[in-house]
Amino acid sequence: MAADTDSGAKDEKKNLMRNLRIQKLSLNICVGESGDKLTRAAKVIEQLTGQSPVYSKARFTVRSFGIRRNEKIAVHCTVRGAKAEEILDKGLKVREYELKQGNFSDTGNFGFGIQEHIDLGIKYDPNIGIYGMDFYVVLGRAGFSISKRRRAQGRIGNKHRVTKAEAIKWFQQKYDGVILPGK
């Protein structure tokens with residue numbers, strides 16, 4: 001009789017260590033050139049996140065694009081916690097909670113892009129213009145920090161890693177999202 005109650009308790013009580021959560025959200029605007037256009041893109045990210053963004057440099061020269069190595073061409077910002085969930089919700093609302101299967105990586109992360117930042121609720125400013133941006137979400141579980149710490153670093157077991165199927169299931173449950181077929 002005691003064995004029956006144990007199996008029933010396992011079904012009711014979920015393991016809290018297995019719950020998925022957003023570790024971080026990365027926002028990126030790639031302008032493709034340095035100068036005034038890039039600083040205006042930085043203002044957009046700063047308005048959205050309330051954080052100062054970081055500039056990304058070109059890795060190598062591409063003459064057809066007109067960019068040189070080490071030239072600043074993009075701005076990005078990493079957001080964590082409740083602010084990340086709030087911004088992600090705005091971004092998914094623009095995409096109408098529809099993502100393709102190809103948006104999800106094998107490691108359980110996902111990303112998508114939007115065409116116009118003003119769809120997120122930021123007021124249009126003619127001095128700034130309109131920019132598109134990329135969202136990239138890293139999902140994790142409790143205990144993932146053991147692989148990042150400096151001392152007594154550990155590894156995350158295969159059963160505890162986030163898979164593509166789990167990330168898709170989490171997206172469908174949390175946001176009532178729709179997964180479209182194809183890439």
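Is Arg 18 buried, partly exposed or exposed? Arg 18 counts as partly exposed, at 32% relative accessibility. This is a predicted model.

**Salt bridges**

- The count of salt bridges comes to 5.
- Glu 166 and Arg 18 pair through their side chains, at 3.4 Å from N to O.
- That pair links distant parts of the chain, 148 residues apart. Glu 166 sits in helix α4, while Arg 18 sits in the loop between α1 (2-12) and β1 (21-30).
- Glu 166 is partly exposed, with a relative accessible area of 23%.
- A network of salt bridges links Arg 18, Arg 141 and Glu 166.
- Glu 86 and Lys 90 form another salt bridge, at 4.0 Å from N to O. Both lie in helix α3, 4 residues apart, so about one helical turn separates them.
- Glu 86 is partly exposed at 41% relative accessibility. Lys 90 is also partly exposed, at 30%.

**Helices α3 and α4**

- Helix α3 spans residues 81-94 and helix α4 spans residues 164-175. They pack at an angle of about 85 degrees, with axes 13 Å apart.
- The two helices are therefore roughly perpendicular to each other.
- On the α3 side, the contact is made by Glu 85, Leu 88, Asp 89 and Leu 92. On the α4 side, Phe 171, Lys 174 and Tyr 175 make it.
- The contact residues divide into 4 nonpolar, no polar and 3 charged.
- A salt bridge joins Lys 174 and Glu 85, whose closest N and O atoms are 3.6 Å apart. Lys 174 lies in α4 and Glu 85 in α3, so this pair ties together parts 89 residues apart in sequence.
- Lys 174 is partly exposed, with a relative accessible area of 41%. Glu 85 is partly exposed too, at 35%.

- Ala 152 has a positive phi of about 55 degrees, although it is not a glycine. Ala 152 lies in the loop between β6 (133-140) and α4. Its relative accessible area of 48% makes it partly exposed.
- Asp 176 also has a positive phi, near 50 degrees. Asp 176 is placed in the loop between α4 and β7 (178-180). At 63% relative accessibility, Asp 176 counts as exposed.

**The loop at Ser 105**

- Ser 105 lies in the loop between β4 (98-100) and β5 (110-114).
- Beyond its neighbours within four places in sequence, Ser 105 is in contact with Tyr 136 and Lys 164.

Methods: Residues are numbered from 1 along each chain as its sequence is written. This is a predicted model: local features need pLDDT of at least 70, side-chain atom pairs count only at pLDDT 80 or more; totals for chains, interfaces and linings use all residues. Side-chain values use heavy atoms; hydrogens and water are left out. Axes are lines fitted to C-alpha atoms, for helices over the stretch in contact, and angles run from 0 to 180 degrees between N-to-C directions. Angles under 35 degrees count as roughly parallel, over 145 as roughly antiparallel, 65 to 115 as roughly perpendicular and the rest as oblique. Contact means heavy atoms within 4.5 Å. Ala, Val, Leu, Ile, Met, Phe, Trp, Tyr, Cys and Pro count as nonpolar, Asp, Glu, Lys and Arg as charged, and the others, Gly among them, as polar. Buried means under 20% relative accessible area, exposed over 50%, partly exposed in between (1.4 Å probe, protein chains only).
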